[in-house]
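Hi,

Here is the structure I promised to pass on. Have a look at it first, and my notes follow below.

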Amino acid sequence: MKALVYHGPGAKSLDDVVKPAIIEPGDALVRVTHTTICGTDLHILKGDVASCPPGRTLGHEGVGVVEQIGSAVSSFRIGDHVLISCITSCGRCENCRRGMYSHCASGGWMLGNTINGTQAEYVRIPHADTSLYPIPVGADEEALVMLSDILPTGFECGVLNGKIAPGGTVAIVGAGPIGLACLLTAQFYSPGAIYMVDIDDKRLAVARRFGATHLINSATTDAAAAIAELTGGRGVDTSVEAVGIPATFELCQDLVAAGGVIANIGVHGVKAELHLERLWSHNITITTRLVDTVSTAMLLKTVAAAKLDPAPLITHRFSLAEALTAYDVFARAGETGALKIIITP
Ligand SMILES: [Zn+2]
Ligand SMILES: [Zn+2]
């Protein structure tokens with residue numbers, strides 16, 4: 001079968017690889033019908049993710065059809081349409097029992113990292129009973145790919161950790177797919193204002209359509225001064241870091257009000273400064289999290305009830321045969337306007 005394979009920093013190709021097979025009794029083999037590329041895949045290709053070795057099939061998001069199940073799988077049958085969670089969880093270990101699936105003793109972020117991933121015709125899913133979700137009949141399956149990773153990530157790491165509340169003020173720094181996923185799900189809680197900060201006017205225009213109340217281009221405007229003015233010098237109740245570089249984490253420290261929360265979502269590759277000399281008396285909370293995907297079932301219900309529409313996050317579509325082009329378009333998002341790219345084997 002065809003798969004997009006990582007071959008070390010800067011190197012990837014579409015290869016013919018052996019079709020995966022059931023290894024453990026809890027495994028399912030899923031025929032991938034739609035997958036996508038994540039910013040994290042670009043981190044891997046830069047050589048930033050030491051746990052992902054050369055030879056690995058990339059991808060941790062997707063939907064598909066169950067092709068085969070191990071003897072212990074009881075919740076899914078052959079032919080079921082399923083959403084693949086980016087987090088694999090056993091459901092039984094100590095961390096799973098407290099809802100921290102991202103740190104499952106025999107799971108966590110495995111797909112496209114420590115085991116072969118979803119940018120392929122088929123993928124093996126360990127702990128299938130607790131790592132797959134049934135797709136309701138009639139659902140827009142392509143749009144549900146947004147629920148593998150980015151929507152639970154934006155919601156759990158940004159909205160829930162950020163304690164976004166009715167009438168509150170929110171700044172989201174970074175209007176990429178994750179920042180936009182946070183913007184969409186923040187509105188479940190009716191915040192009073194959502195300030196979207198980015199350096200790309202095209203992405204800010206998307207944020208406006210998705211419900212941002214104020215747009216701030218931090219390349220041309222002093223974002224901290226602008227938000228100070230908009231909030232009467234108070235700052236925001238929640239500042240969400242959705243980029244993953246020191247400058248944006250430091251900006252979040254400038255934006256947060258006394259008693260507020262800095263909710264980090266970004267994947268950071270280098271150390272960032274923490275201004276405790278200013279923040280020690282500010283009563284703030286800083287949160288970090290790897291998505292646990294505990295909200296996936298809830299998010300599926302909000303999509304079914306038309307309270308959340310993930311489809312507008314999709315900007316481009318390619319076949320698996322065109323995967324290298326898809327990566328190029330995604331990596332040049334500033335020029336191409338790419339948000340999420342659907343790849344269909
Ligand atoms: Zn991802
Ligand atoms: Zn576990």
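**Helix 5 and its surroundings**

Let's start with a crossing: helix 5 goes past helix 6 in a right-handed sense. On the helix 5 side, the residues making that contact are Ile150, Leu151, Thr153, Gly154, Phe155, Gly158 and Val159. Helix 6 answers with Pro177, Ile178, Ala181, Cys182, Thr185 and Ala186. Sorted by class, this contact has 9 nonpolar and 4 polar residues, and no charged ones. Before you go further, keep in mind that this is a predicted model.

How are the two helices set against each other? The packing angle between helix 5 and helix 6 is about 70°, and their axes are 8 Å apart. An angle from 65 to 115 degrees counts as roughly perpendicular, so helix 5 is roughly perpendicular to helix 6.

Is helix 5 (residues 150-160) mostly covered or mostly open? Mostly covered: 10 of its 11 residues are buried. Those buried residues are Ile150, Leu151, Pro152, Thr153, Gly154, Phe155, Glu156, Cys157, Gly158 and Val159. Helix 6 (177-186) is one of the elements they pack against, and the others are strand 11 (236-241), strand 12 (256-264) and helix 11 (296-304).

Where they meet, 18 residues come from domain 1 and 13 residues from domain 2.

Which helices supply at least two residues each to the side of domain 1 that touches domain 2? These are helix 1 (39-46) and helix 11. Helix 1 gives the most to that side, with 3 residues. By class, the domain 1 side of the contact divides into 6 nonpolar, 8 polar and 4 charged residues.

**One residue to look at: Lys19**

Why does Lys19 count as partly exposed? Because Lys19 has 13 C-beta neighbours inside 10 Å, while a residue is exposed at 12 or fewer and buried at 20 or more. Leaving aside residues up to four places away in sequence, Lys19 touches Met1 and Tyr122. Met100 sits 81 residues from Lys19 along the chain, and the C-alpha atoms of the two are separated by 31 Å.

Cheers

Methods: Residues numbered from 1 in each chain as written. Chains lettered and ligands numbered in written order. Predicted model: local features only at pLDDT ≥ 70, side-chain atom pairs only at ≥ 80, totals over all residues. Helix = DSSP H or I, 4+ residues; strand = E, 2+ residues; numbered from the N terminus. Contact = placed C-beta atoms within 7 Å. Axes fitted to C-alpha atoms, helices over the stretch in contact; angles between N-to-C directions. Parallel < 35°, antiparallel > 145°, perpendicular 65-115°, else oblique. Left-handed = near helix turned anticlockwise from the far one by under 90°. Nonpolar A, V, L, I, M, F, W, Y, C, P; charged D, E, K, R; others polar.
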